[in-house]
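The model is a predicted one.

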Amino acid sequence: MARYLLHVRTPMPPAEAFAYMADLTNFADWDPGVDSVEQVECDGAGPGAAFDVAVKLPVGTMTLRYDTIDFDDESTTMTAFAENALLTSEDTITVVPDGDGSVVTYDAVLRLKGLLGLSDPLLGLTFNQIGGRAAAGLVEALSGERVASAAA
């Protein structure tokens, strides 16, 4: 299992930050590892929404279908899940109030399937590099700053 956890303090109010993050079409705006995103189910973020996310690879792209499996705009939390023959990806977004703004937590967990799971430690190293580039883009998109935790 590879995990990337990020907390970003933003001047955006929680509802605005959550609306931006929950709309996965915005991935392509802040994550340089994402080539494009197309919404394929529902209209906008919410329960049942699904997105095809084209992820850049050294030899082209791989499209993952992310299904929204948990969505609560009152508690400003959501989880999107993707699975293919090689891996599963679960991304959880939580937004909590912080003064006049909010703290966005992005928690991404990637698991390789079958015998590929033996290379999870190597995946973790690569995922941290990829996550670092995405983190920089998210901090910029949210006009925020990286913090140690949501309670910071």
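## Surroundings of Thr77

Thr77 touches Phe18, Asp70, Phe71, Asp72, Thr92, Ile93 and Thr94, leaving aside residues up to four places away in sequence. Thr77 belongs to strand 5, which covers residues 77-83.

Is Thr77 buried or exposed? Its relative accessibility is 19%, and because the limit for a buried residue is under 20%, Thr77 counts as buried.

Eight strands make up an open sheet in the order 2-3-4-5-6-7-1-8, and the pairing is antiparallel. Strand 2 (34-41) and strand 8 (145-147) are the edge strands, each pairing on one side only. From one strand to the next, the twist averages 25°.

Strand 1 (residues 2-10) and strand 8 run antiparallel and are joined by three bridges. In strand 8, Val147 is the bridge partner of His7. Helix 1 (residues 14-22) packs on the sheet. This helix touches strand 1, strand 3 (50-57), strand 4 (60-72), strand 5, strand 6 (87-98) and strand 7 (101-112). The direction of helix 1 makes about 165° with that of strand 6.

## Aromatic pairs

The count of aromatic pairs comes to five. One of them is formed by Phe18 and Phe71, with 5.3 Å from centre to centre and 45° between the planes, a tilted arrangement. Phe18 lies in helix 1 and Phe71 in strand 4, so this pair ties together parts of the chain that are 53 residues apart in sequence. Phe18 counts as buried, at 3% relative accessibility.

Another pair is that of Phe27 and Trp30, which is edge-to-face: the centres are 5.4 Å apart and the planes make 80°. Where do these two residues lie? Both are in helix 2 (residues 27-30), three residues apart, which is about one turn of the helix. Phe27 and Trp30 are both buried. Ring pairs link Phe27 and Trp30 with Tyr66 and Tyr106 into a cluster.

Side chains of opposite charge can pair when their charged atoms come close. The count of salt bridges in this model comes to five.

In the salt bridge of Asp107 with Arg3, the closest N and O atoms are 2.7 Å apart. Asp107 lies in strand 7 and Arg3 in strand 1, so the pair ties together parts that are 104 residues apart in sequence. Their accessibility classes can be set side by side: Asp107 counts as buried at 17% relative accessibility, whereas Arg3 counts as partly exposed at 44%.

Asp98 and Arg9 form a salt bridge in which the closest N and O atoms are 2.8 Å apart. This pair links distant parts of the chain, with Asp98 in strand 6 and Arg9 in strand 1, 89 residues apart. Asp98 is partly exposed, with a relative accessible area of 22%, and Arg9 counts as partly exposed at 24% relative accessibility.

Arg9 also meets the side chain of Glu145 in a salt bridge, at 3.2 Å from N to O. Glu145 is in strand 8 and Arg9 in strand 1, so placed that the pair links distant parts of the chain, 136 residues apart. Glu145 is partly exposed, with a relative accessible area of 42%.

Notes. Residues are numbered from 1 along each chain as its sequence is written. This is a predicted model: local features need pLDDT of at least 70, side-chain atom pairs count only at pLDDT 80 or more; totals for chains, interfaces and linings use all residues. Side-chain values use heavy atoms; hydrogens and water are left out. Helices (H or I, at least four residues) and strands (E, at least two) are DSSP runs, numbered from the N terminus. Buried means under 20% relative accessible area, exposed over 50%, partly exposed in between (1.4 Å probe, protein chains only). Contact means heavy atoms within 4.5 Å. Two strands pair if DSSP finds at least two bridges between them. Axes are lines fitted to C-alpha atoms, for helices over the stretch in contact, and angles run from 0 to 180 degrees between N-to-C directions. Rings of Phe, Tyr and Trp (its six-membered ring) pair if their centres lie within 6.5 Å; planes under 30 degrees apart count as stacked, over 60 as edge-to-face and the rest as tilted. A salt bridge is a side-chain nitrogen of Lys or Arg within 4 Å of a carboxyl oxygen of Asp or Glu.
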